[in-house]
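Take a look at the model first, and then we'll go through some helices and strands.

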Amino acid sequence: MGIVRENSYRSMMCREVSEDDIGRPVVLSGWVASFRDHGGLVFVDLRDRSGVVQLVFDPERNPGAHKTAGEVRSEFVVRAAGRVAARPPGRENPSLQTGWVEVEVESLDILSTCPGLPFAIEDGIATGEEVRLRYRYLDLRRPEMSRILATRHSFIAGARDSLNRMEFLEIETPFLGKSTPEGARDYLVPSRTNPGMFYALPQSPQIYKQLLMVAGLDRYYQVARCLRDEDLRRERQPEFTQIDIEMSFVEQDDIFLMTETMLKDAFGAVGIEIDVPFPRTTYADVMERYGSDKPDLRYGLELVDIADVAAGTGSTIFQGALDKGGRVKALRAPGWSAKSRKDMDDYTERAKELGAKGLAWVKVGDDGGLSGPVAKFFAGELAGALIQKTASEPGDMILMVADSGHVVNQVLAAMRSTVAEEQGLASADSIVLTWITDFPLFHYDDEAKAWTSEHHPFTGPHPEDVDLIESDPGRVRSASYDLVINGFECASGSIRIHDSELQQRIFRRLQLSEEDIQKRFGFFTKALTYGAPPHGGIALGIDRIIAIVTRRPSIRDVIAFPKTQKAQDLMSGAPSRVSQAQLAELHIESTVDEE
């Protein structure tokens, strides 16, 4: 028996029909993928989750089944009983797993009908996403969508198996918890039995998994559903899935080894081999070289500091930035000398939108000379020095930004991605994983005029920087790490704070009052006083990883029922209004007028 128990609807799945079954009776059920009447013989491609098999209806041998076959249309659900036969020579279909056989149908039952379809149930359709999401249950019938969800399942199963072998315990944490904002807005749930009180849906199981370490459970994981009320884009959804992990009595290298082992198994489960260990680099290094803490390392294109060259140009733009303690960096754009002035004006406007005063550029000619708006500043040896520093060649363009370090990095990192995309430098077949370590523990919020956590307030400081927490918080590195895959942050974690006194120091540095601490984290800080072990963990974003594995541009393509960029479910109509009776029961009054 195959993957199903034989019953009145089917004796096997469509893809299981093979040459070994020739002459045997079979019962199959599924959807009509296509229908072809050849003026006598009728052919139907029957599809189920596993694949497609061809049914053939002969009017002379089985006139009843043939008559019923004439009534079927696309996406009818049918049950077919018959015998497996070899396809006639010349009619084989090597593109199908079942392409060497067909089923000569003796009886056919129509189990369910289907009206006209809003789009074809086939791969490669041009139908807009809005229509596909409105009829998501039809969209998911398409083979490519079914394959994506099967890949997702296999990846998670591979990760689970790996963690189980490493003796982790899979433990569920609460979905209804306390609001302790972690940077994004909470989704709040009113409590009917506690009027005026609210639960928060989990942005992550962060506090609970740390409490599991305090409880002595040592190794925990969970395939966790998390929710954040934040602005959406292609790699963000209001609800998402992560593999959440925590370990006791560990150092950073232990987390890395565990994660690499698990991911090698998980990627292997979907037929992808990855090399371990993953390379490591620091936050300071990637920001200097790529301008981003999540660089795509499938290609080079490193940013180059050209302050020494710029200082000799006499340009007030370059010198002004340097005099203010800013930076002047350049980026080589291979093959961009063909860009028009209009193109560059558009890119300059984009640079301004990102905070820069402009975007300087020069083209490298066939003779090695420079041309363009700022070429006059790079006369003589300065031209050669700029070309040499950026390793540019004839036909390239050199992009330059002079501003604060933050703005320079932000603009050139965006341009780096644009150049790579337009020049096809990032292979879709390549998967490059890299650890980024030593992030800042704090960042200064100019609006709030206060230091805030770069990740979350439970992240441990780098052991060498603990003494700087009060005196120089901007220099404090954290014991945190991200895993970047093809330019996307796909995992993040840290060694946590297990000492209650150190946790209090961090809270004070964040200017939280004792009242705030008790109100938001009192139960957690109390737990740390009851013998908390050294511990750390990581959370891996499943949606982003599967989008990379399946080469999909948006995580919406790898989630069964995603939301739009407006956080709407077009299929069900969520979110929707509720009745006044429901609101009253929850002691809530809406301030939005009824439409």
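## Helices on the sheet

Let's start with helix α7 (residues 283–290), which lies across β11 and β17 (433–437) and runs at about 80° to β11. Keep in mind that this is a predicted model.

Over at β6, β9 and β10 (239–248), it's helix α4 that lies across the strands, running at about 150° to β9.

## The sheet itself

So which strands make up this sheet, and in what order? It's an open sheet of eight strands, ordered β6-β9-β10-β22-β21-β20-β17-β11, and the pairing is mixed. The edges are β6 (169–170) and β11 (280–282), each pairing on one side only.

Zoom in on β6 and you'll find two bridges joining it to strand β9 (residues 219–227), with the two running parallel. Leu169 has Tyr220 in β9 as its bridge partner.

## Where α4 meets α15

Helix α4 (residues 143–165) also meets helix α15 (residues 542–549): their axes come within 10 Å and cross at roughly 120°. The two helices are therefore oblique to each other, and their crossing is right-handed.

Who makes the contact? From α4 it's Ile148, Thr151, Arg152, Phe155 and Ile156, and from α15 it's Ile542, Asp543, Ile545, Ile546 and Val549. Sorted by type, the residues in this contact are seven nonpolar, one polar and two charged.

## The two ends of α9

Just after α9 comes Gly325, which takes a positive phi of about 80°.

Definitions and conventions. Residues numbered from 1 in each chain as written. Predicted model: local features only at pLDDT ≥ 70, side-chain atom pairs only at ≥ 80, totals over all residues. Heavy atoms only, no water. Helix = DSSP H or I, 4+ residues; strand = E, 2+ residues; numbered from the N terminus. Axes fitted to C-alpha atoms, helices over the stretch in contact; angles between N-to-C directions. Parallel < 35°, antiparallel > 145°, perpendicular 65-115°, else oblique. Left-handed = near helix turned anticlockwise from the far one by under 90°. Contact = heavy atoms within 4.5 Å. Nonpolar A, V, L, I, M, F, W, Y, C, P; charged D, E, K, R; others polar. Pairing = 2+ DSSP bridges.
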